[in-house]
Amino acid sequence: MITEAVLHNHDVRGHDVHSEDHHEHHHHETFISKYVFSMDHKMIAKQFLITGMVWAIVGGLMSVLFRLQLGYPNESFPWLEDLLGKWWAEKGHITPQAYYALVTTHGTVLVFFVLTAGLSGTFANFLIPLQIGARDMASPFMNMLSYWFFFLAGVVMMCSIFVENGPFSGGWTAYPPLSALGDASPGSKTGMDLWLTSMSLFIISSLLGGLNYIATVLNMRTKGMSMTRLPLTIWALFFTAVLGVLSFPVLLSGCVLLIFDRNFGTSFYLSDLFVNGVGALPNEGGSAILFQHLFWFLGHPEVYIILLPAMGMVSEILSVNSRKPIFGYMAMVGSLFAIAILAFLVWAHHMFVTGLNPFLGSVFVLLTLLIAVPSAIKVFNWLTTLWKGSIRFTPAMMFAIGFVSLFISGGLTGIWLGNSALDIHLHDTYFVVAHFHIVMGVASMFGMFAGIYHWFPKMYGKYLNNTLGYIHFWATIVGAYLIFWPMHYQGLAGMPRRYYDFSNWESFKDSASINAFLSTIAMIVFMVQLLFLFNFFYSIFKGRKVTTKNPWESNTLEWTTPINPGHGNWPGEIPEVHRWAYDYGKDGKEFIPQDVPLGHDESQH
Amino acid sequence: MGATDYIMQMFLVLAVIALIFLVIFQISKASEYVGVLKGAKESRKQTNKVNGFLMLAFMVIGLFGVWYCNKILAPKTQMFNGGPASEQGLKVDSMLMTTLAITGVVFVFTQVLLFWFAFKYQEKEGKKVYFFAHSTKLELLWTVVPAIFLTVLVVIGLRNWFSFTSEAPANALQVEITGKQFGWIFRYAGKDGEFGKKYYRMIDAADNSLGLIWKDTIVNRSNGEPQQLKDDKYTHDDIVVEQTMYAIKGRPVKLIINSRDVIHDVGLTHFRMKMDAVPGMPTTLWFTPIYTTNEMKERTNNPNFQYEISCDQMCGNGHYSMKGVVEVVTQAEYDVWAAKQKPKYLSVFPPAEAPKTDTTKAGIAKN
Ligand code: HEM
Ligand SMILES: [Cu+2]
Ligand SMILES: [Cu+2]
């Protein structure tokens, strides 16, 4: 398969740009094999990206709907009922069942479909072969399967929105017994069966993808590309894949046990239950907490699965656009490694108030706060990378800087939450919502945007419109802080998360009064994202054409391919690598690409 | 407002949004053409200047925003609106302030550096970058310094953690609290000071919401085997109440937490305490209230103030309405309240009938 791709470069657009690869000619490639069941990692990356974007719109729209309820609980929006029907919006009010269905689906979709598949699916696929100098993935076929399992997971999730009792509504963490008992919550009926099916398909997709990424990075690097010459993007994507491969199976086992409890009368998670309207259930001896251990054993690594690719891309983009080497390359790799290890050792910090043994809790406090050390190293290394640089504010660079700002803000509140005595007070309040939206949600989104702005020219041979990019950046960072910063205060006022309405709570209604403001900003920020989407799709077709192979004057290998590389990436030989990826500003030279041999008089660093 | 007005209004809003989009798009397109005419370098120079300036502006306005947000929202937080209402809460708040101070300094320091560097080191003609790839000294510095501060925080934190999760003092008032969709049931041990046994198969939503074993009964286990439950006399004087529990100012109160159906969470934000209610696995927490409800009304300047128990774990569609109340009173007031409470047993089995019901399984009761 790969050799075939090498021999026959058959990218259509490659021809009208008249790049250097004229010598190969057409070959029976149908629409289906090129755009649908493609085995070209670049096409699969685009499939992941665009599917992720569709899910981002769906998930974003859901948040607009439930923010409408939170922000304007007393107002009626008759058009909502016209649009969505009575189940969702009776008399123009989002119903509680709809609210919880929306919150749950929003969380699931954004965490798994957008920030896992959409982020590492896109960039691992796109960048790994291009940056390590490979023709394609180790197994292009598995890679294709990975996308289609993801697609199927999406189809099932989408179906769940339309079933009789609505989609699953017990929160993205799906704790049983709530998630196990259809009688306890209508959302735990068919909706939950579909949720579990969808998640299982998704996990298969992640595993297929992850194994492939690992195999590719380990085995298919071009000549001279030792591990320590890898760009940090690849290191990050590599660790991400390792995290996924080791932790997703645990979630799968958790889901399988849940399926058993739901459908086959087992009692893994169930014990001593009396459900209103049903009576006492037969189950005895199970542990509801067991699921939480299984879930968070994936769940915590999962948050780093989401974050690491963003960290990797940001490291690369900061260095390229500061025209300066990344500071402390080995420390950056080392801290990624430390984070990857620690990610497996802190899961119970989500469970401090479940009745966990206090001594065990204290061990998790220690390990959790330990993560702040590699995080701090990364932040200071990024700052030092900017120091005395020569910064070009491309839109990608803006988002990378924004990422660092958000990572600092959200990482610092992690130190509050990781300290169990404080977490007792803050757990399951809006403080947690603020923490993870800033550090994971928005920060990783920024990493993703940075990646899109930076590699769009490589993906489509066109530029995105810069001005729209700047507007997108400024509106989003200002908006994100305006939405999530005040939420810390709501959390400190004790406001619990996952509340449909606060008006009956003497303790919270005062702090809830700023919700109208937050909701309004959320809607504006959502619209700004539409502007970005417009820019994206418009530019694919009508964007300014890229006329130089290396528009950002970058060192990494992807910029040595033709402007529109075909399947196989390099028309001729794969370039050999002679140096690391960060020789910017060395010996007075602007930049020295990785495939340039060492000069005689070149200084050692 | 009529339906057509409504639709017109919707269209108007959409039209305005579309128009704004169009204008933004046209401007962006035009500036792209200008950029092409000027050449890549020249236009980069200009956007660098603008964005570099905006980075600085964002930092200054952002820090001002942080200050302003704090000014208007901090008074609404638990720390400043009445303050902590338990001894434990005092420690939590002081730890919170220490953490805020440390992370706050780091926050300002790093954010200022970030945006200042972005502004200061924007590309300028003829300026060379400083090829600076690595420095062990610096890297050690920012490994060790954060580690030291984190150690301080861990020490404070674990001391509090172990104190909060320690055994409740012997004189603690014991209250059992059980979550169910969507409310709370409280039980006091009654005169004998002992909670009677309960079993979930005994639950009867109307009369025996907790499943107290207050008569001999045979229940069927899931494997079909009958199981004999023996009347537990300790249940007979247990007090069962819903909605509001009473606690005493200055006396530790220990909650024994259960759930009847799904996982709930006893959230006591004023006391800075919280613990999940897990079916099949009792949990506990304890704290010492330091203000009565009435005192808190004054402290918060809110005549409607209540110590609300919020369910803090997603438990179904009524989660947001799952409220309980802790009424903190003085010992004297508590005694008056307690004297008025009747054991649940007596209301379900009024004394005249009690013996009859009791003998249903007399044979078992005797052995
Ligand atoms: C300094 C590093 C960090 C520490 C010490 C930390 C600590 C914590 C703790 C203790 C919680 C549990 C809070 C609670 O539920 O009461 C939490 C929640 C969470 N954190 Fe972090 N965190 C850190 C960084 C991150 C990062 C980098 C991400 C993601 C990229 C992240 C994502 C999340 C998410 C998603 C949750 C909430 C999950 C949920 O309950 O739905 N955190 N964090
Ligand atoms: Cu975590
Ligand atoms: Cu609840």
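## The copper site

Along the chain, the donors of the copper ion (ligand 2) follow the spacing H-x48-H-H. The model described here is a predicted one. Three histidines coordinate the copper ion (ligand 2): A:His300 through ND1, A:His349 through NE2 and A:His350 through NE2, at 1.8 to 2.0 Å. Two of these residues, A:His300 and A:His350, come from distant parts of the chain and lie 50 residues apart. A:His300 belongs to helix α10 (residues 288-322) of chain A, while A:His350 sits in the loop between α11 (329-342) and α12 (358-370) of chain A.

The two histidines may also be described by their accessibility. A:His300 has a relative accessible area of 6% and is buried, whereas A:His350, at 21%, counts as partly exposed.

## The open sheet of chain B

Chain B contains an open sheet of five strands, in the order β6-β12-β11-β8-β9, with mixed pairing. Its edge strands are β6 (244-248) and β9 (273-277) of chain B, each of which pairs on one side only. From one strand to the next, the twist averages 25°.

## An antiparallel pair in chain B

Strand β7 (residues 253-259) of chain B pairs with β10(B) in the antiparallel sense, over five bridges. The bridge partner of B:Ile256 in β10(B) is B:Thr284. Strand β10 (residues 283-287) of chain B is mostly covered, with four of its five residues buried.

## Cysteines

How many disulfides are there over all chains? The count comes to zero. A disulfide is a covalent bond between the sulfur atoms of two cysteines. The cut-off applied to such a pair of sulfur atoms is 2.5 Å.

A:Cys255 counts as buried, at 1% relative accessibility. In chain B, B:Cys69 likewise counts as buried, at 10% relative accessibility.

Key. Residues are numbered from 1 along each chain as its sequence is written. Chains are lettered from A and ligands numbered from 1 in the order in which they are written. This is a predicted model: local features need pLDDT of at least 70, side-chain atom pairs count only at pLDDT 80 or more; totals for chains, interfaces and linings use all residues. Side-chain values use heavy atoms; hydrogens and water are left out. Buried means under 20% relative accessible area, exposed over 50%, partly exposed in between (1.4 Å probe, protein chains only). Helices (H or I, at least four residues) and strands (E, at least two) are DSSP runs, numbered from the N terminus. Two strands pair if DSSP finds at least two bridges between them. Donors are N, O and S atoms within 2.8 Å of the metal (3.2 Å for Na, K and Ca); water is not among the atoms, so sites may look incomplete. Axes are lines fitted to C-alpha atoms, for helices over the stretch in contact, and angles run from 0 to 180 degrees between N-to-C directions.
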